[in-house]
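This report describes one protein chain for a reader who is new to structural analysis. Please keep the sequence and the three-dimensional view at hand while reading.

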Amino acid sequence: HDEAWEILVEYRDVLDNMVLELMEKETLSQKDLERICARVGKRKPLAPYNGFGKRKPSNAPPVLTPAEREALAKAGEAGAGRSGESGNSTSEGGNLSAEQSRVNTSDQSEG
C-alpha cells in the first residue's frame, strides 16, 4: 500500500489531466493515453516480499473450507476412539492443526 500511495502522489497531475480529458471526451484513444502518461516511468520490480511497512501482519490462521472442517471433526471423533493408537493424534492431546488436517485429508483421498 505504501508504494501505491507514493505512485499516486507522484503522478497526481497525470491522473488529474486524465480526468479532465475523460470529462471532455468520455473515451480516450491509445494516443491520448500515451500523451497523457508520457512522463510516467516504469518502476523496478519489487522483490516477492519487501516487508510489511507500517502494517502489522495478522496472527489469524487461514479459513478452513467446509470439507476441511468436516475432515477435522471426523479425525477428532476417530482419534477419541483410538486413544492408545498412534495415528493422526499428536502428543499435545490429540488435536490436529489445520495444516495437518489438510495433509491427512489429501493423503486419504489419493490412496
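## Basis of the description

The structure is a predicted model, in which local features need pLDDT of at least 70 and side-chain atom pairs count only at pLDDT 80 or more, while totals for chains, interfaces and linings use all residues. Residues are numbered from 1 along each chain as its sequence is written, and side-chain values use heavy atoms, with hydrogens and water left out.

## Overall fold

The protein has five helices and zero strands. Read from the N terminus, its elements follow the order α-α-α-α-α. Helices (H or I, at least four residues) and strands (E, at least two) are DSSP runs, numbered from the N terminus.

Of the 111 residues, 12% count as buried. Here, buried means under 20% relative accessible area, exposed means over 50%, and partly exposed lies in between (1.4 Å probe, protein chains only). The protein exposes about 9400 Å², and carbon and sulfur atoms supply 56% of this area. Accessible areas come from the Shrake-Rupley method with a 1.4 Å probe; for residues, only the protein chains shown count as cover.

Contacts (heavy atoms within 4.5 Å) also describe the fold. Among contacts between residues at least 6 apart in sequence, 53% join residues at least 24 apart.

## Helices H1 and H2

The axes of helix H1 (residues 2-10) and H2 come within 4 Å and cross at roughly 65 degrees. The contact involves Leu8, Val9 and Glu10 from H1, together with Arg12, Asp13 and Leu15 from H2. By class, it has three nonpolar, no polar and three charged residues.

Two conventions apply to this description. Axes are lines fitted to C-alpha atoms, for helices over the stretch in contact, and angles run from 0 to 180 degrees between N-to-C directions. Ala, Val, Leu, Ile, Met, Phe, Trp, Tyr, Cys and Pro count as nonpolar, Asp, Glu, Lys and Arg as charged, and the others, Gly among them, as polar.

## Salt bridges

Side chains of opposite charge can pair when their charged atoms come close. A salt bridge is defined as a side-chain nitrogen of Lys or Arg within 4 Å of a carboxyl oxygen of Asp or Glu. By this rule the count comes to nine salt bridges. One of them joins Arg12 and Asp16, whose closest N and O atoms are 2.8 Å apart. Both residues lie in helix H2, four residues apart, which is about one turn of the helix. Arg12 is exposed, with a relative accessible area of 52%, whereas Asp16 is partly exposed at 32%.

Which residues form the network of salt bridges around Arg35? Glu21, Lys25, Asp32 and Arg35 are linked in it. Within this group, Arg35 forms a salt bridge with Glu21, the closest N and O atoms being 2.8 Å apart. This pair links distant parts of the chain, since Arg35 is in helix H3 and Glu21 in helix H2, 14 residues apart. The side chains of Asp32 and Arg35 also meet in a salt bridge (3.3 Å, N to O). Asp32 and Arg35 are separated by about one helical turn because they are three residues apart in helix H3.

Not counting residues up to four places away in sequence, Arg35 touches Glu21 and Lys25. The C-alpha atoms of Arg35 and Val14, 21 residues apart along the chain, are separated by 10.0 Å.

## Surface residues

Val19, Leu20 and Met23 make a nonpolar surface patch of about 330 Å². Patches are made of residues with over 30% relative accessible area and no salt bridge; like charges are joined within 9 Å, and nonpolar side chains (Val, Leu, Ile, Met, Phe, Trp, Tyr) within 5 Å. Leu20 belongs to helix H2 (residues 12-25). Is Leu20 buried or exposed? Leu20 counts as exposed, because its relative accessible area is 53%.

Glu26 is located in the loop between H2 and helix H3 (30-36). The phi angle of Glu26 is near 75 degrees, a positive value in a residue other than glycine. Glu26 is likewise exposed, with a relative accessible area of 68%.
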